[in-house]
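Subject: Handing over the structure, with notes on what was found

Dear colleague,

Please find the structure below, together with the notes I promised.

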Amino acid sequence: ALARVLSPVTLGGLALPHRVVMGSMHLGIEDRDDGGAALAAFYAARAAGGAGLIVTGGSAVSRVGAGGVHYSFVNEAADAPRLARVADAVHAAGGLIALQLFHAGRYAFAASFGVQPVAPSPVPSRFSPDPPRALSGAEVTATIDDFARGAATARRLGFDAVELMGSEGYLLNQFTSAVTNRRDDGWGGDAARRRAFPLAVLAAVRDAAGADFPVLYRMSGADLMDGAPGSDEVLALATALAHAGAAALNVGIGWHESRVPTVQAVVPPGTWAPYPARIRAAVAGAVPVIASNRINRLEQAERLLAAGAADLVSLARPFLADPELVARSRAARPVNVCIGCNQACIDRSLTDEAVSCLVNPAAGHELELLPATAEPAGPGAADAVLAGGGQGRGRDRRRYAVIGAGPAGLAAAHALATAGAHVVLYEAGEEPGGQFRLARLVPGKADYGATIEYYTAELAALGAELRLAHPVGPGDRDELAGCAGIVLASGVVPRPVDLPGVDGPNVLTYPQAFAAADRLGERVVVVGGGGIAVDLAHLLSHGHADGDERARFRAEHGLAEPVGITSGRHVTLLRRGPRIGAGIGRTTRWALLAALRRRGVLLRTGVRYDRITPAGVLLAGDDGPELVPADTVVVAAGQLPADALRPVLAELALPYRVVGGAADGAVDAVTAFAAGAAAGRALH
Ligand code: SF4
């Protein structure tokens, strides 16, 4: 079923084992003072997992070109050993690796290295607070030289290729757009002169590194900015790059400041296929075209290739979620699918934090997660182990209990089982997944169900025992007492609100509302405005579209003809505080709220509640009470830890840990997965 995507291909003279390129991601560990050990381990794990050609996160060609504080600098001698180590490690693991040559232009931050950003013209961006200054003619030439030296260095350090970062609104892309290139010299003034800089960089790079050294060009299929180049200019650039010797065109979509989401979960997978398809038709076989963005499974890639949209695909975040993406897909084994949440990857990279992955907390920690020692660590090995014991009479030193099969419990059970423990995973409900069971119902979040399936399948393969519909009670005491350790991951319960009328028949908790989403009334008011309330509003207001979700998305963002949409319910979110969805990540919140507003959802903040009535929610106002009418009122006002078993565990005098929502009442999947996995590793 994956015949095309897993078929070999030659790219710029490189023999690739399949058509999946691992796309560039900034990891935030590029400058770590460890001689490149962590960076090399990260990439080597992906190569060992079947990645063919890997493109590194961008290496800045100059200080002013860095996109943040944790960049490597290809042209600085101090960084050479680190970069060489990465290339060596990938080769040793059987992979190929291209260094991405990067210049942020006006997307740089003065705070990073104390220099004002530079750009074709002094046009500020919404992405960086620091307005750029225009490059002089001599500086343009010097920048071309920086790229050329970078390519020669990359070759010398052992890289198999380079990729020029010319999409997503970075410097090369800034030159090709009249929005940011307002020059009137050899580098701007009309479309042909706006193409001059990327073509000069490509020529200089090939000259410096050798015409036999493959140079991939990451180009923008569409900037998704007002005033951006039209399709004719994009295709003219593609054709010119192909004829100038680019080894491949890797097609990105959208600028970081675009108001169209491009990589968030709200973007249906495959949405961007028409853009590489157009480029592929225009270059007519002169150069391979690579499709990217919102492709998170090889099955999707296969369909895309079968439809002729591209010659190869580039997947980036899916390699964070599963380093063995290719090997597992090839062997038809379950894959840990990237859910497009951005929470542990892009959101972190925007704040200069090291990147990891929500569904795979091991990502970015490859060095720390070398296989566990055969000897159990014993009690007290972890500072959060609350009680001693563990070696008493009747204890099975390999047997561990995990209570609760939500994200934290699944991660804990997985870590324990991977380390060779015999795990019994107790789940009170009829299905594993915890809060992910609700999330997967939300439009755009169906892949959250794949996370549950992956962990469940892995646990079964590792011999863990999953006991569903099994609330832990007094009858389990003896069995628990015989374990070597316990993880309590029993999750949360909805926080009740103290409002008159909350017991009325028209009032539901949020789990009840998710379960009965099809049967709620026409007008729904949600008491609460956090992440779960936003998800619920999405589910209720989504309606149905004529055509698939991709067509709907393109239409809603003005990228294609309108499609008929049956409106969903009238939904109002009410929040006492000032900000709806305050805990949602930076790259996702704006896109979600924009979608809600488009669907007519009312987002009200700073409200004061009076009571719930059969007619809706009564708010207290300065001018008297105001009724927000509703057929159904849903309470989504936070959670409390479901940790009733804590005292029982303390009494058993076993090593134990409390993780996820049971620890703090929060619904934070990044922390839940990471803490679950850490607890599992620490206990065994
Ligand atoms: Fe994908 Fe979320 Fe992991 Fe990022 S953190 S790689 S978006 S699952």
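This is a predicted model: local features need pLDDT of at least 70, side-chain atom pairs count only at pLDDT 80 or more; totals for chains, interfaces and linings use all residues.

Residues are numbered from 1 along each chain as its sequence is written, and side-chain values use heavy atoms, with hydrogens and water left out.

Charges over rings

R259 is placed over the face of W590, at 4.5 Å from the ring centre. R278 is placed in this way over the face of Y275, where the distance from the ring centre is 4.9 Å.

Aromatic pairs

A pair of aromatic rings is described by the distance of the centres and the angle of the planes. Here rings of Phe, Tyr and Trp (its six-membered ring) pair if their centres lie within 6.5 Å, and the pair is called stacked if the planes are under 30 degrees apart, edge-to-face if they are over 60, and tilted for the rest. By this rule the structure holds 15 aromatic pairs. One of them joins F436 and Y448, whose ring centres are 4.7 Å apart and whose planes meet at 50°, so the pair is tilted. This pair links distant parts of the chain, since F436 belongs to helix α15 (residues 435-439) and Y448 to helix α16 (residues 447-461), 12 residues apart; helices (H or I, at least four residues) and strands (E, at least two) are DSSP runs, numbered from the N terminus. Both F436 and Y448 are buried, where buried means under 20% relative accessible area, exposed over 50%, and partly exposed in between (1.4 Å probe, protein chains only). Y454 and Y455 form an edge-to-face pair, at 5.1 Å centre to centre and with 85° between the planes, and Y454 and Y455 are both buried. Elsewhere, ring pairs connect Y71, F102, Y107, F109, F127 and Y170 into a cluster.

Cavities

Rolling a probe the size of a water molecule over the atoms shows where empty space is left. On a 1 Å grid over the protein atoms alone, a cavity is a set of points where a 1.4 Å probe fits but cannot get out, and its lining residues have an atom within 4 Å of a point. Grid points are joined across faces, edges and corners, and a volume is the space filled by probe spheres set on the points. Counted in this way, there are five cavities of 30 Å³ or more, and the largest cavity has a volume of about 110 Å³. Its lining is made by N173, T176, A191, R194, R195, M219, S220, D223, P229, E233, V234 and L237. The elements that give two or more residues to this lining are α5 (171-176), α6 (191-194), β10 (215-222) and α8 (231-243), and α8 provides the largest share, three residues. What classes of residue line the largest cavity? There are five nonpolar, three polar and four charged residues, where Ala, Val, Leu, Ile, Met, Phe, Trp, Tyr, Cys and Pro count as nonpolar, Asp, Glu, Lys and Arg as charged, and the others, Gly among them, as polar.

The ligand

The residues that surround the ligand are R317, L320, C338, I339, G340, C341, N342, A344, C345, C357 and L358, a residue being near a molecule if one of its heavy atoms lies within 4 Å of it. By class, this shell has eight nonpolar, two polar and one charged residues. A344 is found in the loop between α12 (325-330) and α13, and at 1% relative accessibility A344 counts as buried. A344 and A363 are 19 residues apart in sequence, and their C-alpha atoms are 9.7 Å apart in space.

Two residues with positive phi

L224 is not a glycine, although its phi is positive, at about 55°. L224 is located in the loop between β10 and α8, and its relative accessibility is 14%, so L224 counts as buried. D352, also a residue other than glycine, has a positive phi near 60°. D352 is located in the loop between α13 (346-349) and β14 (399-403), and its relative accessibility is 31%, so D352 counts as partly exposed.

With best wishes

Technical notes: On a 1 Å grid over the protein atoms alone, a cavity is a set of points where a 1.4 Å probe fits but cannot get out, and a pocket is an open set with protein on both sides within 12 Å along at least five of seven lines; lining residues have an atom within 4 Å of a point. A charge sits over a ring if NZ of Lys or CZ of Arg is within 6 Å of the ring centre and within 35 degrees of the ring normal.
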